[in-house]
Amino acid sequence: MANVIIMDHPLIQHKIGLIRRRETGTKDFRQAISEIAMLICYEATRGLKLDDVEIETPICRTTVKELRGKKLAVVPILRAGLGMVDGMLTLIPTAKVGHIGLYRDPDTLKPVEYYCKLPADCAEREVFVVDPMLATGGSSVAAIRMLKEKGCRNIRFMCIIAAPEGVEEMKREHPDVDIYVGALDERLNEHGYIVPGLGDAGDRIFGTK
Ligand code: PRP
Ligand code: URA
């Protein structure tokens with residue numbers, strides 16, 4: 001069964017408070033999203049495997065730790081997921097980046113696919129799917145299904161704000177995928193928006209409204 005890891009770090013909680021505020025403008029919103037992504041990335045990479053490697057310091061030989069394989073990929077769900085990529089790459093700069101384009105039909109709330117470009121060897125990589133919002137779960141469930149169809153087996157999902165409905169949908173559809181959540185909110189409203197949430201993440205990152 002999927003683990004759902006909800007962040008309790010004070011820096012994450014504080015920065016989520018900033019992005020929830022109606023008056024936070026595009027520049028500060030974008031910056032906070034990137035910083036929160038970096039902090040969640042720190043938690044989500046905690047389980048990565050390490051190897052012992054022998055090296056020489058200026059003083060003597062010793063054994064140090066090195067990430068095993070280093071084969072990671074970050075896959076943002078467009079558009080809003082793009083806001084999390086910089087923060088992820090700050091901590092894991094050698095990761096490859098794939099893109100999955102999905103938008104939510106405003107009437108049916110079902111995801112509509114419009115783009116998919118992944119690293120050629122994505123099936124061999126540990127994949128971190130990123131999207132600030134997990135609402136009904138339709139978009140993340142569909143994105144992860146697309147990755148599994150390409151052979152990916154080792155997948156984690158990271159979001160900044162989640163609704164309980166989306167978390168349940170993800171657990172039902174992808175019980176093998178651990179979910180890292182910045183904050184778990186109360187519910188969805190009648191338009192499929194997270195309450196209290198932060199509004200439309202894509203519009204706030206890109207200043208399109
Ligand atoms: C938002 C968000 C998620 C999706 C979450 O994207 O970034 O991808 O909604 O909702 P769900 O869990 O109900 O699927 P949106 O469809 O608004 O597209 P955009 O990022 O291009 O604005
Ligand atoms: N997508 C968003 O950007 N915000 C929500 O609250 C729900 C879906």
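A polar contact here is a pair of N or O atoms within 3.5 Å. I'm keeping that cut-off at hand, because it decides which atom pairs I write down below. I also note that this is a predicted model.

**Ligand 2**

I started with the backbone around ligand 2. A polar backbone atom of Ala201 sits 2.8 Å from an oxygen atom of the ligand, so the pair falls within 3.5 Å and goes down as a polar contact. I found Ile194 doing likewise: one of its polar backbone atoms is 2.8 Å from an oxygen atom of ligand 2. Then I looked up how much of the ligand is covered. On its own ligand 2 exposes 240 Å², and the protein buries 88% of that. The residues around it include Arg104, Met133, Gly192, Tyr193 and Asp200.

**Ligand 1**

Next I turned to ligand 1, which has 14 residues around it. Arg104, Asp131, Thr136, Gly137 and Ser139 come nearest. For Thr136 I looked at the side chain, where an N or O atom is 2.5 Å from an oxygen atom of ligand 1. Ala135 and Gly137 use their backbones: an N or O atom of Ala135 lies 2.9 Å from an oxygen atom of the ligand, and for Gly137 the distance is 2.8 Å. The protein covers 91% of the 500 Å² of accessible area that ligand 1 has on its own.

**Arg125**

Is Arg125 buried or exposed? I looked it up: Arg125 has a relative accessible area of 7%, so it is buried. I placed Arg125 in the loop between S7 and strand S8, the latter spanning 126-130. A polar atom of its side chain lies 3.0 Å from the backbone oxygen of Leu72.

**Tyr114 and its patch**

Strand S7 covers residues 111-117, and Tyr114 is in it. I noted Tyr114 as partly exposed, because its relative accessible area is 45%. Together with Tyr103 and Tyr115, Tyr114 makes a nonpolar surface patch of about 340 Å².

**Ala32**

Last entry: helix H2, residues 26-44, which holds Ala32. Ala32 has a relative accessible area of 4%, so I put it down as buried. What does Ala32 touch, leaving aside neighbours within four places in sequence? I found Lys15 and Ile19. I also checked Ala32 against Met133: they are 101 residues apart in sequence and 14 Å apart in space, C-alpha to C-alpha.

Terms used:
Residues numbered from 1 in each chain as written. Chains lettered and ligands numbered in written order. Predicted model: local features only at pLDDT ≥ 70, side-chain atom pairs only at ≥ 80, totals over all residues. Heavy atoms only, no water. Patch = residues over 30% accessible without salt bridge, like charges linked within 9 Å, V, L, I, M, F, W, Y side chains within 5 Å. Areas by Shrake-Rupley, 256 points an atom, 1.4 Å probe, with all protein chains shown as cover. Salt bridge = Lys/Arg side-chain N within 4 Å of Asp/Glu carboxyl O. Helix = DSSP H or I, 4+ residues; strand = E, 2+ residues; numbered from the N terminus. Buried < 20%, exposed > 50% of the residue type's maximum accessible area, 1.4 Å probe, protein only. Polar contact = N/O pair within 3.5 Å; in protein donor to acceptor, adjacent residues only side chain to side chain. Contact = heavy atoms within 4.5 Å. Near = heavy atom within 4 Å.
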